[in-house]
Amino acid sequence: MLTGDLSTFIRTLRVWSDIILFFYAFTHLLNHSVNILSIEAADFVNENYFDLIWKNLVGTVLLYGSLIVHIFLGFYAVGTRKSFKMTFKEWIQIIFPILALLVLLQHAGAIAVATKIFDVD
């Protein structure tokens, strides 16, 4: 009984963290696509829409909380496998998100360094 409730809770938590991260990625890439029009337009969209959603306490907690939950649940899913005998496709589904996490950390780190140390806006 408890196992079913726990797996349902984990599944629900995974879905909600996926939705929040997808929405962030969508709005982030949408903001980048506005750069095609002009940098001024992208700044306007960023300041009037993007920052309103993600640069407040609720949005920040949801975003970073979802990221942490998503990462832990991914490692939990891999760690609780009964066997590591998998097809090539399953190995790709495990390896690529880990590589993507490394790229994402590099991207976020570079932005943090640029904004905090070099005072880039």
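Trainee: How many of the residues are buried, and what makes a residue count as buried?
Mentor: Buried residues make up 14% of the 121 in the protein. The word means under 20% relative accessible area, while exposed means over 50% and partly exposed is in between (1.4 Å probe, protein chains only). Keep in mind that this is a predicted model: local features need pLDDT of at least 70 and side-chain atom pairs count only at pLDDT 80 or more, whereas totals for chains, interfaces and linings use all residues. Numbering starts from 1 along each chain as its sequence is written, and side-chain values use heavy atoms, with hydrogens and water left out.

Trainee: Why is Ser66 called buried?
Mentor: Its relative accessible area is 6%, so Ser66 counts as buried. Ser66 lies in helix H3 (residues 57–79); helices here are DSSP runs of H or I with at least four residues, strands are E runs of at least two, and both are numbered from the N terminus. Leaving aside neighbours within four places in sequence, Ser66 is in contact (heavy atoms within 4.5 Å) with Ser17, Ile20, Leu21 and Val61.

Trainee: How many helices and strands are there?
Mentor: The protein has 4 helices and 0 strands, and the order from the N terminus is α-α-α-α.

Trainee: Why is the pair of Tyr24 and Phe50 called tilted?
Mentor: A search of the whole structure finds 4 aromatic pairs. In this one the ring centres are 5.7 Å apart and the planes stand at 45°, so the pair is tilted. The rule: rings of Phe, Tyr and Trp (its six-membered ring) pair if their centres lie within 6.5 Å; planes under 30 degrees apart are stacked, over 60 edge-to-face, and the rest tilted. Tyr24 sits in helix H1 (residues 2–34) and Phe50 in helix H2 (residues 39–54), so the pair ties together parts 26 residues apart in sequence. Tyr24 is partly exposed at 24% relative accessibility, and Phe50 is buried at 10%.

Trainee: What kind of pair do Phe44 and Tyr49 form?
Mentor: Edge-to-face, with 75° between the planes and 6.5 Å centre to centre. Phe44 is partly exposed at 48%, whereas Tyr49, at 51%, is exposed. Ring pairs also link Phe23, Tyr24, Phe50 and Trp54 into a cluster.

Trainee: How do you know that Lys55 and Asp51 form a salt bridge?
Mentor: Their closest N and O atoms are 4.0 Å apart, and the definition asks for a side-chain nitrogen of Lys or Arg within 4 Å of a carboxyl oxygen of Asp or Glu. The search of the whole structure finds 1 salt bridge. Lys55 is exposed at 62% relative accessibility, and Asp51 is partly exposed at 21%.

Trainee: Which helix gives the largest share of the nonpolar patch?
Mentor: Helix H4 (residues 88–116), with 7 residues. Among the residues making that patch of about 890 Å² are Phe75, Phe84, Trp91 and Leu102. Leu102 lies in helix H4 and is exposed at 52%. Patch residues have over 30% relative accessible area and no salt bridge; like charges are joined within 9 Å, nonpolar side chains (Val, Leu, Ile, Met, Phe, Trp, Tyr) within 5 Å. Areas come from the Shrake-Rupley method with a 1.4 Å probe; for residues, only the protein chains shown count as cover.
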